[in-house]
Amino acid sequence: MARKRPSEAVPAPPNLEFRAPGDDAWYEVRLAVEEDVEGDAALRVMYCNFSGAFDELYPADRFASPRELQEFAGRFRPTSAQLQDEECGMVVEGTEFCAAHTFGDRDVRFYDAVVESVRRSKHRSVNGEAICNCTFVVLWKHGPIAGERTPINVQDACIMEKKWPQNPTLDHFLDIARSRFNGNDKTSKQAIDPERSPLKPTLGENNYHAFWIDNLEKDLSPITMNDFIYEQTSLSSQIEISYSVLPVMSCSGMVLLRTEKEAKKLLDFLLDPAHIVVSSRGRPWFVRDDWCQKFEGAMPRYEVKRSNRVQQDSSKLKLAYKGTKEYERAKELQGLRHEFHNHLECIYRRLESEERKLLTGRG
């Protein structure tokens, strides 16, 4: 059935970029929610500076599961800002960009990349303005050039915004699509709560999975950790931070996930040899594949509210990529943590043995 734009629908301002499924590149877009005569909703993604022939329509009923909807929502983020010449000093090893890559003569597309090295050059002056001549060698993270290294300049780099985009049109559509999994298909005109997370987890299954992450910063909040995991994997999780009675400089966290598949996805991300999760101070997360356990019973229901302040706090966590000095330092620190846990396990085994002797009177 042909769809029409409701007369009251006004496209949102172009404050969004969208990672297109076709070529995996980022494009600036406008959005509009459309309805047909039966009230079925769809999201129209309109690519800025392209004709309407390139518009894409995503019906709310096309998503087979909440997970599929989450993955779709993860394709949106606030528009990246062009790096300015005077801002090149902020670029260091490990900085992440949305960067331009030119295919052929004029086909420019944007993909995410991480800086592996910086080649500083003296700025030149043109009409009294400083022009950056520095070069950044980046490793491309996705798209047809994923895994390749390319030198870029300041004019090719944009600063990514990883926080959830403040876009009522997108939030409204996600509310409509999510409501279908709750048995309510006729909520296309429901009110929008801008402070509510657009992707609340739907919990309450008969079991859940948990695993432990060690060597966290003591000032790391569960919400910051939750936001970072969601930004990187599109997984909704529950976080519990625990502190040791021992005089240690770090703490541990337990991550709860609904299914074994989700737990495996997060574990694969954390154990990926291509990167290491580190704090802004360089402290690496430490996790082992045997630190996972299945629990019976319903996982507690929760709701995470992502305020602007919390989203900004997510910068306390980042990825150190293989081949960078930051990665090598994190790898060495992880090695120390591994030795520590091996030593600790030996002490625990000895403690259990001695306690058993005393409790059974065999000492």
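Reply: Of the 363 residues in the chain, 45% are buried. Keep in mind that this is a predicted model. The chain has 6 helices and 19 strands. Among contacts with a separation of 6 or more, 66% are between residues 24 or more positions apart.

Now to the residue itself. Ser 80 sits in the loop that links β5 (76–78) to β6 (81–82). Is Ser 80 buried or exposed? Its relative accessibility is 12%, and the cut-off for buried is under 20%, so Ser 80 counts as buried.

Who surrounds it? If you skip the neighbours within four places in sequence, Ser 80 touches Glu 17, Cys 98, Cys 158, Ile 159, Met 160 and Glu 161. With Glu 17 there is also a polar contact: the two side chains are joined at 2.7 Å.

On to the helices. Two packed helices are described by the angle between their axes and the distance between the axes. Take α1 (residues 66–73) and α2 (residues 168–179): their axes are 10 Å apart, and the packing angle is about 165°. That angle is over 145 degrees, so α1 runs roughly antiparallel to α2. The crossing of α1 past α2 is right-handed. On the α1 side, the contact is made by Leu 69, Phe 72 and Ala 73, while α2 brings Phe 173, Leu 174, Ala 177 and Arg 178. Sorted by class, this contact has 6 nonpolar residues, no polar ones and 1 charged.

The other pair to look at is α3 (residues 222–233) with α4 (residues 260–270). Here the axes come within 11 Å and cross at roughly 90°. An angle of 65 to 115 degrees counts as roughly perpendicular, so that is how α3 lies to α4. Which residues meet in this pair? From α3 come Ile 229, Gln 232 and Thr 233, and they meet Lys 265, Leu 266 and Phe 269 of α4. By class, the contact of α3 with α4 holds 3 nonpolar, 2 polar and 1 charged residues.

Notes:
Residues numbered from 1 in each chain as written. Predicted model: local features only at pLDDT ≥ 70, side-chain atom pairs only at ≥ 80, totals over all residues. Heavy atoms only, no water. Helix = DSSP H or I, 4+ residues; strand = E, 2+ residues; numbered from the N terminus. Buried < 20%, exposed > 50% of the residue type's maximum accessible area, 1.4 Å probe, protein only. Contact = heavy atoms within 4.5 Å. Polar contact = N/O pair within 3.5 Å; in protein donor to acceptor, adjacent residues only side chain to side chain. Axes fitted to C-alpha atoms, helices over the stretch in contact; angles between N-to-C directions. Parallel < 35°, antiparallel > 145°, perpendicular 65-115°, else oblique. Left-handed = near helix turned anticlockwise from the far one by under 90°. Nonpolar A, V, L, I, M, F, W, Y, C, P; charged D, E, K, R; others polar.
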